[in-house]
Structure formats: structure tokens, C-alpha cells
Amino acid sequence: METPVKYMFVLAFLLSMTISGLNRVVGTGYYYGPCGKHDIEKEAEKLEPCTYAAQHWRAPVSERCCTVMEKKLKNPACLCAVLFSQTANNAGVRPEIAVTIPKRCNIAYRPVGYKCGGTTFH
């Protein structure tokens, strides 16, 4: 009688591990996106001061936009994800123009040549 009980516990353990695998329980290294624990859509909202400059090639870039952009440039992958987010799209942001903002702000540290979708940072 003890043997069937052991097999039931082993079977229950294997079943729970299988269900966990099917539900995609993975390590934290794979759970977070390019912005880490931060929601990409919320990060996109922080770039609101840059909306007009990200729509027009020759639009003046505000000092507030440059400050926000400089902070975002610390993680180019996150910035790229933000530029292609639904929030940015809804606001009319054009990523091919938005990647020119760091240069227009004269930000010394910028990821020149970094590929962001089909566009490249200048």
C-alpha cells in the first residue's frame, strides 16, 4: 500500500511541474522586458514633452524634453521600445524623427549607430 502512495506523490509533483512549464513560469531574467520592471507604456508617457519634436524634423526641442531624453538614453533598448509603443504611436510620435532628438539636444552621450527598429540613432 505504501508504494502507490509514493507514486501518487511523484505523479502529483511531475504534474505540477508540467503545469508550471505550460504557464511559462520562468526566471526573472526572462520576465522583464527592455525597460526592466517598468511598464513600457508608462515610460512612454514620460516622454510627453518630446511629442511635438518627435513629429516634426525641424521643431525646436524644449529643455524639458532634452532632460527627459538624456535620462532615457541610459537604456537605449528601453527608449527604442518606448518609441515603438502603442502610447507613442497614439501620440503621433514618428520613431525616425524621435531618434534625432538626442543630437538636436546636443546630448554628448548618445548611442550613435544604435539600431532601433528600422531607424538608427544619429
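Let's start with a term: helices (H or I, at least four residues) and strands (E, at least two) are DSSP runs, numbered from the N terminus. What you're looking at is a predicted model, where local features need pLDDT of at least 70, side-chain atom pairs count only at pLDDT 80 or more, and totals for chains, interfaces and linings use all residues. Residues are numbered from 1 along each chain as its sequence is written, and side-chain values use heavy atoms, with hydrogens and water left out.

The buried ones are P76, C78, L79, C80, A81, V82 and L83. Their cover includes helix 3 (40-45), helix 4 (63-72), helix 6 (86-90), helix 7 (95-98) and strand 1 (115-116).

Now for the nonpolar core, a set of buried Ala, Val, Leu, Ile, Met, Phe, Trp, Tyr and Cys residues joined through side-chain atoms within 4.5 Å. The largest one has 25 residues, and L47, M69, L79, L83 and I101 have the most contacts inside it. Helix 4 and helix 5 are the elements that give two or more residues to this core, and helix 5 provides the largest share, 5 residues. Zoom in on L79: leaving aside residues up to four places away in sequence, L79 touches L47, M69, K72, L73 and F121, a contact being heavy atoms within 4.5 Å.

Next, the largest pocket. On a 1 Å grid over the protein atoms alone, a pocket is an open set of points where a 1.4 Å probe fits, with protein on both sides within 12 Å along at least five of seven lines, and lining residues have an atom within 4 Å of a point. This one holds about 170 Å³ of space. It has 16 lining residues, with A44, L47, E48, T51 and V93 the closest to its centre. Helix 3, helix 5 and helix 6 each supply at least two residues of that lining.

Finally, turn to the loops. P60 sits between helix 3 and helix 4 and is exposed, with a relative accessible area of 71%. P60 and R104 are 44 residues apart in sequence, yet 8.4 Å apart in space, C-alpha to C-alpha. N106, in the loop between helix 8 (101-104) and strand 1, is exposed too, at 68% relative accessible area. Its phi is near 60°, a positive value in a residue other than glycine. Most residues other than glycine have a negative phi.

Definitions and conventions: Buried means under 20% relative accessible area, exposed over 50%, partly exposed in between (1.4 Å probe, protein chains only). Grid points are joined across faces, edges and corners, and a volume is the space filled by probe spheres set on the points.
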